[in-house]
Amino acid sequence: MLNDVRMNVLSHMSAGGLRQVDACDDHGVENPGPLFRRRLLLESLAVLAADAPSQVAWLARHDVVTEEMALDFDHAFGMAEALVGEGQLGRRVLPDLREIDAVLSAMSGAQNAGRWTREALSADEGWSQARRLARRVLMAELGEWQQPLPKISVVR
């Protein structure tokens, strides 16, 4: 299911008060710096940590499908090890991030299509587990799990 969705979402709001975007590298190719990459991870976690009604409202407000929450996390999770190495993320949160990734991956596939509905956000145990883990990571990194949900622009 995750691979079926191909949307590009650009974030415009930060989670956890990080508002600084690092400069691009000098090779002419955009290479977001560690503060920007940390912000993307924290924003994806803020969406996963939100209660189901807030998630549904966020999806409706931005006219995106439920899978977008997992895709955003997947993209940001790919940078987690580097963030630890750069001192931008605590190593102690990596097991929880890996578990979120495993939970969302286990929910993928055509046989699990019902788990990706907006209704499933409040009823499915996988979403509840991802929510608990995301909250735990945000608590460890920011001292509180409730964060503003990012404003996004969807490029279609």
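Which residues does Asp96 touch, not counting residues up to four places away in sequence? Leu133, Arg136 and Val137. Touching here is contact, meaning heavy atoms within 4.5 Å.

Some ground rules. This is a predicted model, where local features need pLDDT of at least 70, side-chain atom pairs count only at pLDDT 80 or more, and totals for chains, interfaces and linings use all residues. Numbering runs from 1 along each chain as its sequence is written, and side-chain values use heavy atoms, with hydrogens and water left out.

Back to Asp96. Asp96 sits in helix 5; helices are DSSP runs of H or I, at least four residues, strands are runs of E, at least two, and both are numbered from the N terminus. Asp96 counts as buried because its relative accessibility is 12%. Buried means under 20% relative accessible area, with a 1.4 Å probe and protein chains only. The side chains of Asp96 and Arg136 are joined by a polar contact of 2.7 Å. That term means N or O atoms within 3.5 Å; within protein, one must be able to donate a hydrogen and the other to accept it, and residues adjacent in sequence count only if both atoms are side-chain atoms.

Now the core. The largest nonpolar core has 42 residues: buried Ala, Val, Leu, Ile, Met, Phe, Trp, Tyr and Cys, joined through side-chain atoms within 4.5 Å. Helix 1 gives the largest share, 9 residues. Leu45 is among the members touching the most others. Beyond its neighbours within four places in sequence, Leu45 contacts Phe73, Leu97, Ile100, Ala134, Val137 and Leu138.

Last, Leu149. Leu149 lies in the loop between helix 7 and strand 2. At 19% relative accessibility, Leu149 is buried. Its C-alpha is 9.6 Å from that of Leu48, 101 residues apart along the chain.

Key
Buried means under 20% relative accessible area, exposed over 50%, partly exposed in between (1.4 Å probe, protein chains only).
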